[in-house]
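Student: I would like to learn how to read a model of this kind, going from the whole chain down to single residues. Could you take me through it step by step?

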Amino acid sequence: MKIIQDTQRNCARMAAEEYRKLLGENPHCVLGLATGSTPEMLYEELVALCKAGKLSFKDVTTYNLDEYVGLDGSHPQSYRYFMDSHLFNLVDIDKTRTHVPCGIGVTDEMAAHYDDEIKQAGGVDLQLLGIGHDGHIGFNEPHDAFDLGTHCVDLAQETIEANKRFFDGNVDLVPKQAYTMGIRTIMQARKVLMVVNGAGKAEIVKKAFFGPVTPEVPASILQLHPDFILVGDEEALSLI
């Protein structure tokens with residue numbers, strides 16, 4: 001595990017440099033992408049690099065971690081909408097090669113097919129992650145076992161409360177389920193990059209990466225990944 005400690009903006013720039021290097025070496029790479037407030041600054045940096053001609057997404061394939069159950073891609077709080085607004089519509093990517101789990105009418109078979117698509121694409125070269133206050137990655141919540149493939153999950157109340165800020169502060173509007181890549185799918189990525197910011201994440205960072213590997217802290221499994229990079233600002237990494 002590599003730990004980089006700096007300001008939030010510089011963390012975004014450092015993370016963006018990982019993408020610049022990868023796309024320079026492998027223009028046809030497969031990216032696993034994430035949503036939420038943490039990646040926004042990183043996506044700003046990637047858009048700026050693309051517009052400056054320093055990287056190109058034209059041959060890239062992407063697979064997002066998750067999507068809320070019940071929201072279609074036109075909903076402003078869907079993760080498809082987020083990705084279009086913050087990255088896909090702003091760079092030279094072929095949107096037919098961008099994949100976000102469908103939140104409408106999804107079955108277990110369709111969720112499993114998402115994993116098959118990733119395998120057929122050659123697997124994820126670089127998986128981006130954030131971390132929840134309870135240690136969840138994607139929407140893999142604390143559990144008594146690590147969930148494996150893409151699946152439907154009942155969101156923990158803490159996660160629902162944390163996400164209500166995206167729904168005008170109304171917890172009743174937050175979906176109670178999501179489809180998410182499972183732990184096995186995430187761990188099969190060749191490289192995993194986690195970006196974490198703010199003092200509110202300091203305790204869970206310490207617990208996840210300097211405590212035992214346990215499904216009660218899903219992110220702790222990343223201690224076992226052979227190529228894991230943690231990029232965090234000084235506040236988020238203050239306890240380590």
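Tutor: Let us begin with a single side chain, keeping in mind that this is a predicted model.

Student: Which residue does K95 form a salt bridge with, and how far apart are the closest N and O atoms?

Tutor: The general idea is to look for a side-chain nitrogen of Lys or Arg within 4 Å of a carboxyl oxygen of Asp or Glu. Here the partner of K95 is D84, and their closest N and O atoms lie 3.3 Å apart. The pair links distant parts of the chain, with K95 in the loop between α3 (79–86) and β5 (98–99) and D84 in helix α3, 11 residues apart.

Student: How many salt bridges does the structure hold?

Tutor: The structure holds 12 salt bridges. One of them joins the side chains of E18 and K191, with an N to O distance of 3.6 Å; this pair, too, links distant parts of the chain, because E18 belongs to helix α1 (residues 8–25) and K191 to strand β9 (residues 191–196), 173 residues apart. E18, at 11% relative accessibility, counts as buried, while K191, at 22%, counts as partly exposed.

Student: What is the N to O distance in the salt bridge of E161 and K164, and are these residues buried or partly exposed?

Tutor: The side chains of E161 and K164 meet at 3.1 Å, N to O. E161 is partly exposed at 35% relative accessibility, and K164 is partly exposed as well, with a relative accessible area of 30%.

Student: Which residues are linked in a network of salt bridges?

Tutor: A network of salt bridges links R9, R13, E44 and E45.

Student: How should I read the overall fold, and why is the protein described as being as compact as a globular protein of its length?

Tutor: One starts with the elements and then turns to the overall dimensions. The protein has seven helices and 10 strands. Its radius of gyration is 17 Å, close to the 18 Å that the globule rule gives for 240 residues, so the protein is as compact as a globular protein of that length. The C-alpha trace spans about 45 × 45 × 35 Å along its principal axes, and 52% of the 240 residues count as buried. Among contacts between residues at least 6 apart in sequence, 78% join residues at least 24 apart. The accessible surface comes to about 10700 Å², and carbon and sulfur atoms account for 50% of that area.

Student: Where is D168 found, and what is its phi?

Tutor: D168 is found in the loop between α5 (157–163) and β8 (177–180). Its phi is near 55°, a positive value in a residue other than glycine. With a relative accessible area of 77%, D168 is exposed.

Student: Is G36, in its own loop, buried or exposed?

Tutor: G36 lies in the loop between β2 (30–33) and α2 (40–51), and at 17% relative accessibility this residue counts as buried. The C-alpha atoms of G36 and D94, 58 residues apart along the chain, are separated by 22 Å.

Key
Residues numbered from 1 in each chain as written. Predicted model: local features only at pLDDT ≥ 70, side-chain atom pairs only at ≥ 80, totals over all residues. Heavy atoms only, no water. Helix = DSSP H or I, 4+ residues; strand = E, 2+ residues; numbered from the N terminus. Rg over C-alpha atoms; globule rule 2.2 N^0.38 Å. Buried < 20%, exposed > 50% of the residue type's maximum accessible area, 1.4 Å probe, protein only. Contact = heavy atoms within 4.5 Å. Areas by Shrake-Rupley, 256 points an atom, 1.4 Å probe, with all protein chains shown as cover.
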